[in-house]
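I opened the structure to look up a few packing details. My notes follow in the order I made them.

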Amino acid sequence: MTDLEEIPFVRKVFTVVERIPYGKVTTYGAIARCLGSPRSARGVGFALHSLIHGHDLPAHRVINRNGFLSGGWHFGHPDVMKAMLEDEHVSVSDEYIVDLTRYFWDPADDPALDHLTTPHY
């Protein structure tokens, strides 16, 4: 991980990403909404971009709101991200698009993440 992990928002993003089930994907915006910050999809992307290679978070399961593998270059090329998803039986089109109606996981539906939107005093 990186020093950015010490930032509470980044830590929360990583907590959500850890919970994305095998064979499912979620979006930057869905993570931001789950964290109570619906306009922070780019912040989610920034947090994930801060990951160093060799991390153990399934960041390849985070895609954009249209199903596009927009983070693919973080892995060297979108083909790498596509292969990682296909290894989990997630179909990815030749245009690097995932069918969100079939593979989408909404972190807001995971009760184990409810504490992330609760203010900590």
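Where does Asn64 lie? I found Asn64 in the loop between strand 2 (62-63) and helix 4 (78-87). I am working from a predicted model.

I then looked up the surroundings of Asn64. A polar atom of the Asn64 side chain lies 2.9 Å from the backbone nitrogen of Phe68. Setting aside neighbours within four places in sequence, I list Thr27, Tyr28, Ser70 and Leu100 as contacts of Asn64.

I moved on to the helices. The axes of helix 1 (residues 8-18) and helix 3 (residues 41-49) come within 9 Å and cross at roughly 80°. Because of that angle, I recorded helix 1 as roughly perpendicular to helix 3. From helix 1, Phe9, Val10, Val13, Phe14 and Val17 take part; they meet Gly43, Val44, Ala47 and Leu48 of helix 3.

Last, I looked at the core. The largest nonpolar core has 32 residues, and Val13, Leu48 and Val98 have the most contacts inside it. Helix 1, helix 2 (28-34), helix 3, strand 2 and helix 4 each give two or more residues to this core. Helix 1 supplies the largest share, five residues.

What does Leu48 touch, not counting residues up to four places away in sequence? I wrote down Val13, Phe14, Val17, Tyr28, Ala59, Val62 and His74 for Leu48.

Definitions and conventions. Residues are numbered from 1 along each chain as its sequence is written. This is a predicted model: local features need pLDDT of at least 70, side-chain atom pairs count only at pLDDT 80 or more; totals for chains, interfaces and linings use all residues. Side-chain values use heavy atoms; hydrogens and water are left out. Axes are lines fitted to C-alpha atoms, for helices over the stretch in contact, and angles run from 0 to 180 degrees between N-to-C directions. Helices (H or I, at least four residues) and strands (E, at least two) are DSSP runs, numbered from the N terminus. Angles under 35 degrees count as roughly parallel, over 145 as roughly antiparallel, 65 to 115 as roughly perpendicular and the rest as oblique. Contact means heavy atoms within 4.5 Å. A polar contact is a pair of N or O atoms within 3.5 Å; within protein, one must be able to donate a hydrogen and the other to accept it, and residues adjacent in sequence count only if both atoms are side-chain atoms. A nonpolar core is a set of buried Ala, Val, Leu, Ile, Met, Phe, Trp, Tyr and Cys residues joined through side-chain atoms within 4.5 Å. Buried means under 20% relative accessible area, exposed over 50%, partly exposed in between (1.4 Å probe, protein chains only).
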